[in-house]
Every structure is written in C-alpha cells, then in structure tokens.
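Subject: The structure for you to look at

Hi,

Here's the structure I promised to pass on.

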Amino acid sequence: MEELFRQHAHRRLNPLTSDWVLVSPQRTARPWQGAIERLPASERPSYDPSCYLCPRNQRAGGVRNPDYPSTFLFENDFAALRPNIPQAQLDFEDKSLLVASTEQGICRVMCFSPRHDLTLATMSLMEIEQVVRAWKAESRELAEQAGIH
C-alpha cells in the first residue's frame with residue numbers, strides 16, 4: 001500500500017497545524033527544460049514552433065495540439081491530481097507522525113489564445129470575453145462531476 005502513496009497524489013496531515021497538505025510525487029516525472037526565464041522580448045512571434053502550448057505543436061507528454069482557433073483546454077499531461085485514484089488511508093502506528101489519504105481530481109490547462117505573443121492584458125475585449133466564457137463553462141462542467149469539490 002505504501003507504493004500507492006509513492007506513485008499517486010495524496011494528502012498528508014501536518015500534525016503541527018492540523019492542515020492537510022497536497023503531495024503529488026508523480027509530478028517528478030514531468031520534463032524540465034532547465035530554462036531560466038527572462039523578461040519577454042518586446043516583440044514576440046505570434047507562433048513559436050518550440051512552444052508546448054502553441055497550435056499544432058507536440059506537448060511534453062507526446063500529444064499534439066489541434067489547430068485551435070481560440071481558447072483551448074486540455075487535460076494536464078503531468079497533473080498534480082488525477083481521476084480514478086484508488087482510495088486508501090495510510091496510518092502509521094504513531095498516528096501523530098504520518099497520516100495520509102489518496103486524493104483524486106482533475107487538472108486542466110487553458111490556453112487563452114492560439115497566439116503565442118498575447119497575454120490576457122494585451123488581448124481585445126472580445127478575446128477576453130471568450131476566455132471568461134470558457135472559465136465559466138469549465139467551472140460548471142467540473143462542478144457537476146462527482147468527487148470534485
């Protein structure tokens with residue numbers, strides 16, 4: 001059973017604060033490019049062939065993005081929480097030291113625009129409205145799913 005907690009998201013009880021803390025050990029498998037972020041250039045391309053999020057490009061998890069025309073949502077390839085995790089509780093003999101229980105959920109990524117050079121602050125009002133409509137639709141859809149709080 002301890003292997004389940006090494007491979008899947010779970011929450012652990014902090015005995016000092018009585019707060020639950022999310023632990024996602026499976027995220028150590030996600031790629032890291034070793035990049036040190038710099039301030040973006042004043043002019044950026046509208047499409048970047050090396051960007052995991054741009055339309056038609058392959059993501060780090062191997063899936064290719066569609067040629068999306070506006071806001072695009074997809075399941076996070078390296079999600080902190082995943083659905084359908086077996087339910088389990090882990091209590092060591094000294095329950096004050098480590099108490100953990102598996103945790104499931106859904107993590108999605110939202111690309112606001114197919115344009116690599118846009119941020120929310122630089123989008124038109126109509127484009128921002130599309131993002132807000134997508135947030136609302138996504139919130140409604142997630143709220144209807146069992147086990148999502």
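Below is what turned up when I went through it.

One thing to keep in mind is that this is a predicted model. The protein chain has two helices and six strands, and along the sequence they run α-β-β-β-β-β-β-α. Of its 149 residues, 27% are buried. The chain exposes about 10500 Å², with carbon and sulfur atoms supplying 55% of that. If you take the contacts with a separation of 6 or more, 52% of them are between residues 24 or more positions apart.

Now for the charged pairs. Side chains of opposite charge can pair when their charged atoms come close. This structure has seven salt bridges, and here are some of them.

Start with glutamate 103 and arginine 11, whose side chains meet at 3.2 Å, N to O. Glutamate 103 sits in the loop between β5 and β6 while arginine 11 is in strand β1, so this pair ties together parts 92 residues apart in sequence. Glutamate 103 is partly exposed at 23% relative accessibility, and arginine 11 is partly exposed at 30%.

Next, aspartate 77 forms a salt bridge with arginine 59, with the closest N and O atoms 2.8 Å apart. Aspartate 77 is in the loop between β3 and β4 and arginine 59 in the loop between β2 and β3, so the pair links parts 18 residues apart in sequence. Is arginine 59 buried or exposed? Its relative accessibility is 8%, so it counts as buried. Aspartate 77, at 28%, is partly exposed.

Then there's glutamate 75 with arginine 108, a salt bridge at 2.6 Å, N to O. Glutamate 75 belongs to strand β3 and arginine 108 to strand β6, so parts 33 residues apart in sequence are tied together. Salt bridges with shared partners also join Glu75, Arg108, Glu138 and Glu141 into one network.

A couple of backbone angles are worth a look too. Most residues other than glycine have a negative phi. Serine 18, though, has a positive phi near 65°; it lies in the loop between β1 and β2 and is exposed at 55% relative accessibility. Arginine 56 has a positive phi as well, near 70°, and is found in the loop between β2 and β3.

Last, find serine 113 in the loop between β6 and α2. With 13% relative accessibility, serine 113 counts as buried. Its side chain reaches the backbone nitrogen of arginine 115 at 3.0 Å. Beyond its neighbours within four places in sequence, serine 113 is in contact with Tyr68, Leu118 and Met123.

Cheers

Methods: Residues numbered from 1 in each chain as written. Predicted model: local features only at pLDDT ≥ 70, side-chain atom pairs only at ≥ 80, totals over all residues. Heavy atoms only, no water. Helix = DSSP H or I, 4+ residues; strand = E, 2+ residues; numbered from the N terminus. Buried < 20%, exposed > 50% of the residue type's maximum accessible area, 1.4 Å probe, protein only. Polar contact = N/O pair within 3.5 Å; in protein donor to acceptor, adjacent residues only side chain to side chain. Contact = heavy atoms within 4.5 Å. Areas by Shrake-Rupley, 256 points an atom, 1.4 Å probe, with all protein chains shown as cover. Salt bridge = Lys/Arg side-chain N within 4 Å of Asp/Glu carboxyl O.
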